Amino acid sequence: QVQLVESGGGLVQPGGSLRLSCAASASLFNGNSMAWYRQAPGKERDLVARITRSGYTDYADAVKGRFTISRDRANNVVNLQMDSLKPEDTAVYYCYSAYMGVWGQGTQVTVSA
């Protein structure tokens, strides 16, 4: 079965941390690059971070130095460690596999005092 399942979202105070995980079927995990996107209310879905099969990473300017994307090859999981969170990071976060263009269902992240 081809699927992506996100977890780890929630409510956190400004300055706090969250770790998002995306469990992928093997074909999606190994087929191509994986990425995290986010969509805030009334806005477009934007790329947050991307990691290629070889481990190359790139990030949106807004999250550079605060977020880290990584691949757990043993478990077919892509993680997004989010530190120093800001209210403007509030959004639904989606996992994406470039192989077959598959999206996860999304997980809500809310940064608020």
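Trainee: In this predicted model, which residue of E5 does methionine 34 stand opposite?

Mentor: The model is a predicted one, and within it E4 and E5 run antiparallel, joined by six bridges. E4 covers residues 34-39 and E5 covers residues 45-51. Across this pairing, the residue in E5 that stands opposite methionine 34 is isoleucine 51.

Trainee: Which residue takes a positive phi in the hairpin of E4 and E5?

Mentor: The hairpin of E4 and E5 has five residues between the strands, and alanine 40 is placed in that loop. The residue with the positive phi, near 75 degrees, is glycine 42.

Trainee: Is alanine 40 buried, partly exposed or exposed?

Mentor: Alanine 40 sits in the loop between E4 and E5, and its C-alpha is 8.8 Å from that of tyrosine 93, although the two are 53 residues apart in sequence. Buried means under 20% relative accessible area and exposed means over 50%. Because its relative accessible area is 21%, alanine 40 is partly exposed.

Trainee: Which residue in E6 is the bridge partner of alanine 49?

Mentor: E5 is joined to strand E6, residues 57-59, by three bridges, and the two run antiparallel. Their hairpin has five residues between the strands, with glycine 55 at a positive phi near 100 degrees. The partner of alanine 49 in E6 is tyrosine 59.

Trainee: Which strand supplies the largest share of the lining of the largest pocket?

Mentor: The largest pocket has a volume of about 200 Å³, and its lining includes Arg38, Gln39, Lys43, Asp46, Leu47, Val48 and Glu88. Its lining residues divide into five nonpolar, two polar and five charged. E4 and E5 each supply at least two residues of that lining, and the largest share, three residues, comes from E5.

Trainee: How many bridges pair E3 with strand E8?

Mentor: Strand E3, residues 18-24, is joined to strand E1, residues 4-7, by four bridges in an antiparallel arrangement, with leucine 4 partnered by alanine 24. E3 also pairs in the antiparallel sense with E8, residues 77-82, where alanine 23 has valine 77 as its bridge partner. The number of bridges between E3 and E8 is six.

Trainee: Which two cysteines does the disulfide join?

Mentor: A search of the whole structure finds one disulfide, with an S to S distance of 2.1 Å. One of its cysteines lies in strand E3 and the other in strand E9, so the pair ties together parts that are 73 residues apart in sequence. The two residues joined are cysteine 22 and cysteine 95.

Trainee: Is the disulfide of cysteine 22 and cysteine 95 left-handed or right-handed?

Mentor: Cysteine 22 is buried, with a relative accessible area of 0%, and cysteine 95 also counts as buried at 0% relative accessibility. The handedness is read from the torsion about the S-S bond, and because that torsion is about -85 degrees, the disulfide is left-handed.

Trainee: Is asparagine 76 buried or exposed?

Mentor: Most residues other than glycine have a negative phi. Asparagine 76 is not a glycine, yet its phi is positive, about 55 degrees, and its place is in the loop between E7 and E8. Because its relative accessible area is 18%, which falls under 20%, asparagine 76 is buried.

Trainee: Is methionine 100 buried or exposed?

Mentor: Methionine 100 is a residue other than glycine with a positive phi, near 75 degrees, and its place is in the loop between E9 and strand E10 (102-103). Because exposed means over 50% relative accessible area, a value of 56% makes methionine 100 exposed.

Methods
Residues are numbered from 1 along each chain as its sequence is written. This is a predicted model: local features need pLDDT of at least 70, side-chain atom pairs count only at pLDDT 80 or more; totals for chains, interfaces and linings use all residues. Side-chain values use heavy atoms; hydrogens and water are left out. On a 1 Å grid over the protein atoms alone, a cavity is a set of points where a 1.4 Å probe fits but cannot get out, and a pocket is an open set with protein on both sides within 12 Å along at least five of seven lines; lining residues have an atom within 4 Å of a point. Grid points are joined across faces, edges and corners, and a volume is the space filled by probe spheres set on the points. Ala, Val, Leu, Ile, Met, Phe, Trp, Tyr, Cys and Pro count as nonpolar, Asp, Glu, Lys and Arg as charged, and the others, Gly among them, as polar. Two strands pair if DSSP finds at least two bridges between them. A disulfide is a pair of cysteine sulfur atoms within 2.5 Å. Buried means under 20% relative accessible area, exposed over 50%, partly exposed in between (1.4 Å probe, protein chains only).
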